[in-house]
Amino acid sequence: MYKGIAASRGIGIGSICRIIEHDLTFEARQITDTAAEKQRFREAVEAFVQETTAMAADIRKRIGPKEAEILEGHIVMIMDPSMSGEMEKMIDAGQCAETALTAVCDMFYGMFSSMNDDMMRQRASDIADVKVSVLKKLLGIEDVDISKVAPGTVLVCRDLTPSMTSQIVGGNVAGIITEIGGKTSHSAILARALEIPAVLSVPGIVDAVKDKDTAVIDGTEGEVYINPEGDILARFVLKREEFIRKQAELNSFIGKETLTADGQKVELFCNIGTPKDARKALECDGEGIGLFRSEFLFMDNTRLPSEDEQYEAYREAAQIMGGKTVIIRTLDIGGDKDIPYLKMQKEDNPFLGYRAVRYCLGNPDIYKTQLKAILRASAHGHVKIMIPLVTTVDEVRGVKSLVEELKKELDAEGKAYDKNIQVGCMIETASASLIADLLAKEADFFSIGTNDLTQYTMSVDRGNPNVAYLYSAFQPAVLRSIKNIIECANKAHIPVGMCGEAAADPLMIPLLMAFGLDEYSVNPVLVLTARCIISKWTRAEACELSDRILAMDTEAEIVAALKIAAKE
Ligand code: PEP
Ligand code: MG
């Protein structure tokens, strides 16, 4: 049995497919039989064209024409005589196909990427994609097409990237095992959004297994069994049935309000990464969006998204939610979220560095573009702005003054926006928690980011398995911090939510009720579980429990007591 981090609940049983990262280096050779080399090159191009044509047709059906056209553009590009002709000329001159392809693509890449035009820069990144794809054909490297894996496949990879996730077709992937990533890494968040059981941070798993091995994943306990004995397999088949049955029970909460056992209403929102996820939030019965992680829009791109592109994305989310709250968190990069094209300086301590609102205030052009796009989207729904990683009052004032400046610009341009748009803070640093009373005077609302609050309170890297034993929102220090933040917000009469993963933790929910949390923002698939747990506690019961818990000294004691008190 392998132990890893339980990242996405449920039992997955299936046949392993390993996703290996390939080395694309090659040795440049001098060619004497140039005709044969040209033939090899043409065959590689032909294979690429055929594969891309099929993929584009599939994407046109599954996703849409705009996305398919990107791939069709790649075909036009490689077939363009100015590209393939140049490559063949180099082969005629005795260069190997790999060298010719790389040299010509790099030349065009340099040319397009230096142009001051978004479309041209996009073309540069398309060329880079084409180069890698054709190079793989020449080197005989086969990529696993995740969209085509058979039903009941367990993916085993070093890390699960957003682009890999986009290829997952509903139902085919039974489980995910990775070598890196913690409970709140983006791979974990994506796996939960897809409702696929996942165990992360299993060291060496990619080399320890073979394709077609049978894997059993317990995403609730963080356990992985490879080719298990029959009795273990039978036990997990039963466990999987039980899990599915429980899920069915939760369905009885669909369409209900979120009420405590004594009838107090709280809000139950969702965390999303793309505008389309807003649909998922509605399908899962979310009552609003408590966290739209706007950085995915920047990360899934090869250049900065323009104001109009961002506006479209935020507007889409606002319109899908049809007047329900949509809290858009402004660009939260740095830490574990890199955006290569921004060429951010490498830092010794990226989690403590020039990131999130610090980077945004230092790069006002990038930030103003985003804030203006959000303001314009606010004309189409109930949009709020949320500032990540706040550590000082000055930062909040800085953002608010940019918002005011942009409102004036929009007035002058005659463009619509919500004049009363709210600007709130994420409370996710030790500093923000300690000055929550001061921040509450500046902010229209708070949202507690326990993923980072735990990291910064406990001085523990949230993705580092060696210190994972310290990374717990049930540590007395973190609980005191959460309580203080909620009390400061309540005192200042501003709403306070929580969008960190702890908001959906069944053991945490009664404590949050006792502290007086107004809004819980959770992964869409956890809406019903959270609503069910909230419905089981009265405020008085929750307060009695929290008084006992806050008197305890250690995390272990606290978790044990909460498990005993839990109402499953
Ligand atoms: C958090 O820190 O709790 C949070 C919600 O933000 P992220 O996980 O994106 O850092
Ligand atoms: Mg955070």
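**Notes on strands, helices and the magnesium site**

1. Strand 11 (325-329) and strand 12 (382-387) run parallel and are joined by five bridges. Two strands count as paired if DSSP finds at least two bridges between them. Helices (H or I, at least four residues) and strands (E, at least two) are DSSP runs, numbered from the N terminus. In this pairing, Val326 stands opposite Val383 of strand 12.

2. The model is predicted: local features need pLDDT of at least 70, and side-chain atom pairs count only at pLDDT 80 or more, while totals for chains, interfaces and linings use all residues. Residues are numbered from 1 along each chain as its sequence is written, chains are lettered from A and ligands numbered from 1 in the order in which they are written, and side-chain values use heavy atoms, with hydrogens and water left out.

3. Strand 12 also pairs with strand 13 (423-427), in the parallel sense and over three bridges. Here Ile387 has Cys425 of strand 13 as its bridge partner. Between strand 12 and strand 13 the chain passes through helix 15 (residues 393-413), and this β-α-β crossover is right-handed. Right-handed means that, with the strands pointing away from the viewer, the path from the first strand over the helix to the second runs clockwise. Five of the six residues of strand 12 are buried, so this strand is largely enclosed by the rest of the structure. Buried stands for under 20% relative accessible area, exposed for over 50%, and partly exposed for values in between (1.4 Å probe, protein chains only).

4. Helix 15 has 21 residues, which should span 30 Å at 1.5 Å a residue; its end C-alpha atoms are 31 Å apart, in agreement. The expected span is 1.5 Å times one less than the number of residues in the helix. Among its buried residues are Val396, Val399, Leu402, Val403 and Leu406. The cover over the buried residues of helix 15 includes helix 13 (356-362), helix 14, strand 12, strand 13 and helix 17 (436-442). Contact is taken as heavy atoms within 4.5 Å. Gly414 follows helix 15 with a positive phi, near 70 degrees.

5. The buried residues of helix 12 include Tyr311, Tyr314, Arg315, Ile320 and Met321. Strand 11 and strand 12 are among the elements that the buried residues of helix 12 pack against, as are helix 10 (277-283) and helix 14 (364-377). Just after helix 12, Gly322 has a positive phi of about 50 degrees.

6. Which residues coordinate the magnesium ion (ligand 2)? Glu428 (OE) and Asp452 (OD) do, at 2.0 to 2.1 Å. These two residues are 24 residues apart and link distant parts of the chain: Glu428 is in the loop between strand 13 and helix 16 (430-434), and Asp452 is in helix 18 (residues 450-458). Donors are N, O and S atoms within 2.8 Å of the metal (3.2 Å for Na, K and Ca); water is not among the atoms, so sites may look incomplete. Glu428 is buried at 2% relative accessibility, and Asp452 is buried at 3%.

7. Two residues other than glycine deserve a check of their backbone. Most residues other than glycine have a negative phi. Asn227 has a positive phi, near 45 degrees; this residue sits in the loop between strand 8 (223-226) and helix 9 (230-250) and is partly exposed, with a relative accessible area of 42%. His493 has a positive phi near 60 degrees; this residue lies in the loop between helix 19 (476-492) and strand 15 (496-498) and is exposed, at 72%.

8. An open sheet of eight strands has the order 1-8-7-3-4-5-6-2, with mixed pairing. Strand 1 (2-3) and strand 2 (5-8) are at the edges with a single partner strand each, so one side of each has no neighbour in the sheet. Within the sheet, strand 3 (residues 11-19) and strand 4 (residues 153-157) run parallel, joined by five bridges, and Arg18 stands opposite Val156 of strand 4.

9. Ser546 is in helix 22 (residues 539-550). At 4% relative accessibility, Ser546 is buried. Leaving aside residues up to four places away in sequence, Ser546 touches Leu511, Ala514 and Phe515.

10. On the overall division, the chain falls into domain 1 (2-21 + 144-251), domain 2 (34-139) and domain 3 (267-565), with bounds from an automatic or database domain assignment. Domain 2 and domain 3 have C-alpha centres 41 Å apart.
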